[in-house]
Structure formats: C-alpha cells, structure tokens
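Let's take a walk through a protein together. Keep the sequence and the 3D view open, and find each residue as we come to its name.

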Amino acid sequence: MKLALDKFADNPIIDEILDCMEDARVISSIRASRPMWRKPFIEIEYRAGNPDHRHFTKDSFTRYWAEAMVVLETITDIQLVSEFDSGTVNNKAATVETIISTRDACIRECDPMFDAALYQVYLDQFGGNCRNLPADTMTKIKTAKKALA
C-alpha cells in the first residue's frame with residue numbers, strides 16, 4: 001500500500017521503492033546485496049520484466065534493509081531476498097503492530113476518496129502490491145476497478 005509505505009519513507013530503501021512504484025509497475029521481488037568492495041544495492045524485479053537497481057551508501061544499509069524487510073513483509077506481497085544476514089529489528093512484534101495500525105489509519109484516510117467516487121485516486125493510494133487488506137477494503141478496490149473499466 002503506497003500511502004502506508006510513504007509513512008515509512010524516512011528509511012531510504014522504502015523511499016526508493018516508493019519511487020519505483022510511481023509509474024504503476026507491480027514489483028514481484030526485491031533482492032538486497034551488500035558486496036564487500038562495492039556499494040550495497042537492491043535489485044527490483046517487476047512482473048513485466050526490466051529489473052531496476054538502486055545503490056546505497058554502506059553506512060546503515062544493513063539496518064535500513066532489516067527495517068524495510070519488516071515493513072514490506074507486513075503490508076506488501078513483494079518477495080524479498082537477502083544475500084546477507086541483515087539481523088533483526090528490535091522488538092519486531094511492536095514494530096509490526098505499528099505498521100498495521102499505520103496501514104489501517106491510511107485506509108481510513110482513503111475511504112473519503114472512495115465515497116466521493118474518486119476511484120482512480122483511491123486506487124493510486126494502494127498500488128499493485130497490497131497484502132493483508134481488510135475484506136471491506138478489498139471490496140472497495142474491486143468496485144473502483146469495475147467502475148473504471
């Protein structure tokens with residue numbers, strides 16, 4: 001869900017992934033690599049093909065990737081591959097709770113767009129990589145897509 005991911009965009013990896021979602025391409029997987037002698041990077045694979053690479057500074061890459069993994073695993077269906085041990089996030093359960101409550105708040109923020117029949121704007125807030133959305137929201141997404149078809 002793009003709107004919820006935006007709330008975590010202080011993480012540079014999430015910020016770059018959001019940038020890749022702006023052109024409405026659906027991401028199938030993200031591979032993270034931390035080579036010894038080069039800059040760390042993520043490789044973004046789209047369902048339509050044409051991978052994209054984003055490079056980062058070595059400082060804090062491992063920590064940012066660990067945080068990004070928790071966020072992405074919780075609210076997207078993107079397959080994540082890590083070529084190194086990124087460790088874990090402190091208090092993961094609390095972090096997941098925060099992510100879910102943020103997602104739920106973003107859904108409530110989007111509901112007036114649906115109610116005003118701004119279906120494309122509504123759909124743009126979600127993107128193509130949503131996971132674990134409430135049934136009511138999934139119904140609204142289907143209704144919006146049907147109305148725009």
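A word about the ground rules comes before the tour. This is a predicted model, so local features need pLDDT of at least 70 and side-chain atom pairs count only at pLDDT 80 or more, while totals for chains, interfaces and linings use all residues. Residues are numbered from 1 along each chain as its sequence is written, and side-chain values use heavy atoms, with hydrogens and water left out.

How many salt bridges does the structure hold? There are ten, where a salt bridge is a side-chain nitrogen of Lys or Arg within 4 Å of a carboxyl oxygen of Asp or Glu. Let's begin with Arg54 and Asp19, whose closest N and O atoms are 3.1 Å apart. Arg54 lies in strand S3 (residues 52-55) and Asp19 in helix H2, so this pair ties together parts that are 35 residues apart in sequence. Helices (H or I, at least four residues) and strands (E, at least two) are DSSP runs, numbered from the N terminus.

Are these two partners buried or exposed? Buried means under 20% relative accessible area, exposed means over 50%, and partly exposed is in between (1.4 Å probe, protein chains only). Arg54 is buried, because its relative accessible area is 16%. Asp19 has 45%, so Asp19 is partly exposed.

Now find Glu43 and Arg31, which form another salt bridge, with their closest N and O atoms 3.1 Å apart. Glu43 sits in strand S2 (residues 41-46) and Arg31 in strand S1, so the pair links distant parts of the chain, twelve residues apart. Glu43 is buried because its relative accessible area is 19%, while Arg31 is partly exposed at 22%. Strand S1 (residues 27-33) also holds Ser29, which is buried at 17%. The C-alpha atoms of Ser29 and Glu43 are separated by 8.2 Å, and the two residues are 14 apart along the chain.

A further salt bridge joins Arg47 to Asp77, with the closest N and O atoms 3.0 Å apart. Here both partners are in loops: Arg47 in the one between S2 and S3, and Asp77 in the one between helix H3 (61-75) and strand S4 (79-82), 30 residues apart. Arg47 is exposed at 51%, and Asp77 is partly exposed at 35%.

Next come the cysteines. A search of the whole structure finds zero disulfides, a disulfide being a pair of cysteine sulfur atoms within 2.5 Å. For Cys20, the nearest cysteine sulfur is that of Cys130, 17 Å away. Cys20 itself counts as buried, with 1% relative accessibility.

Our last stop is a negative surface patch formed by Asp6, Asp15, Glu22 and Asp124. Patches are made of residues with over 30% relative accessible area and no salt bridge, with like charges joined within 9 Å and nonpolar side chains (Val, Leu, Ile, Met, Phe, Trp, Tyr) within 5 Å. Asp and Glu count as negative, Lys and Arg as positive, and His and the chain ends are not counted.

Conventions: Areas by Shrake-Rupley, 256 points an atom, 1.4 Å probe, with all protein chains shown as cover. Charge placed at Lys NZ, Arg CZ, Asp CG, Glu CD.
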